[in-house]
Amino acid sequence: MDTDPDMHGSTEIELPDGVTWLEPEPGFPVIGVSHAKGTARIALHGAHVTSWVPAAHAEVFYVSPKAALRPGKAIRGGVPVCWPWFGAHPEDGSKPAHGFARNRFWRLVSATANEEGVELRLELPLEPGDGPLKLAQTIKVGGTLDLALETTNASEAPHALSQALHSYFAVGDIEAVRVEGLDGCDYLETLAEPPSVERQSGAVRFSGETDRIYATGGRIRMVDERLGRVTTITSEGSNSTVVWNPWIDKAARLGDLPDEDYRKFVCLETANAWRDARMLAPGEKQVLKARISSNGF
Ligand code: TA6
């Protein structure tokens, strides 16, 4: 693999059976996981899950066929890691939306396997100016997909954190999808001018651009009525869930998304955002977890 040896030493890590290095683009290494309980792909860039296929089921995530596989640009699809801020930077609009963790190569620090699945641990290399927060992600690939973002405040002062696992779930057709588990929850309607606080009634369905932050954690279910698939997302360390679909006009403005592909995914994002943004005390470690299960179809 002619990967830049400066992949922070990742390629020196011993890999268990079923875990290999792939290179879909020169200098863009991807970890391939093949296990009896499922397969997965994780790009070293952004520690970005780009595929998970539970055994005997179908691909769970959507990835745009126009996704960029190059340093500095987040992959459109899979599970982008939004960190250490969600959305626009709170003070400096010149900084990238959704932080910098998804826009750079991480370091693989361990890879282990057992009969239940494969566990990978990756750390975000920090650069001058990144601030005092440290980030590691643990990814467990098996009959479920378990993601954990571990943030540590390595400074002597409190520090703000907002984040999300910005998951793009593949669907048969967005108009045949309902999201359950948000009934009665407050949400921030970000598309209102100015943004407004509303309350969800019943399941969430999609008939236009949708960009909402729900004040809730716990468990939500995405029912794909076209494919007869149910995907469940169970969170820990999160009291906010982002629901997003760009619909027609915004999809047409995204250069790395085919115009019609808004119909093929819904983003259900396990987050600490809006009212759930955090302030980490000195030395505090905060963990955001998502467990994803899917009955395939
Ligand atoms: O999570 C919803 C959102 O904040 C939307 O407002 C939209 O911008 C989406 O994220 C995608 O953002 P990106 O920077 O990946 O194009």
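Start at Arg-76. In this predicted model, an N or O atom in the side chain of Arg-76 lies 3.0 Å from an oxygen atom of the ligand. Asp-211 also reaches the ligand. A polar atom of the Asp-211 side chain is 2.6 Å from a ligand oxygen. Then comes Lys-250. Here the distance from a side-chain N or O atom to an oxygen atom of the ligand is 3.5 Å. On its own, the ligand has 390 Å² of accessible area, and the protein covers 80% of that.

Now widen the view. Arg-76, Asp-211 and Lys-250 are among the residues around the ligand. Others in this set include Phe-86, Val-242 and Trp-244. The set also contains His-98, Arg-102, His-166 and Glu-269. The ligand itself sits in the largest pocket.

Turn next to the sheet. Strands of a sheet pair through backbone hydrogen bonds, in either a parallel or an antiparallel way.

For a closer look, take E7 and E8. Strand E7 covers residues 117-123, and strand E8 covers residues 133-142. The two pair in the antiparallel sense over 7 bridges.

Note on methods: Residues are numbered from 1 along each chain as its sequence is written. This is a predicted model: local features need pLDDT of at least 70, side-chain atom pairs count only at pLDDT 80 or more; totals for chains, interfaces and linings use all residues. Side-chain values use heavy atoms; hydrogens and water are left out. Two strands pair if DSSP finds at least two bridges between them. Helices (H or I, at least four residues) and strands (E, at least two) are DSSP runs, numbered from the N terminus. A residue is near a molecule or strand if one of its heavy atoms lies within 4 Å of it. A polar contact is a pair of N or O atoms within 3.5 Å; within protein, one must be able to donate a hydrogen and the other to accept it, and residues adjacent in sequence count only if both atoms are side-chain atoms. Accessible areas come from the Shrake-Rupley method with a 1.4 Å probe; for residues, only the protein chains shown count as cover. On a 1 Å grid over the protein atoms alone, a cavity is a set of points where a 1.4 Å probe fits but cannot get out, and a pocket is an open set with protein on both sides within 12 Å along at least five of seven lines; lining residues have an atom within 4 Å of a point. A molecule sits in a cavity or pocket if more than half of its atoms lie within 2 Å of its grid points.
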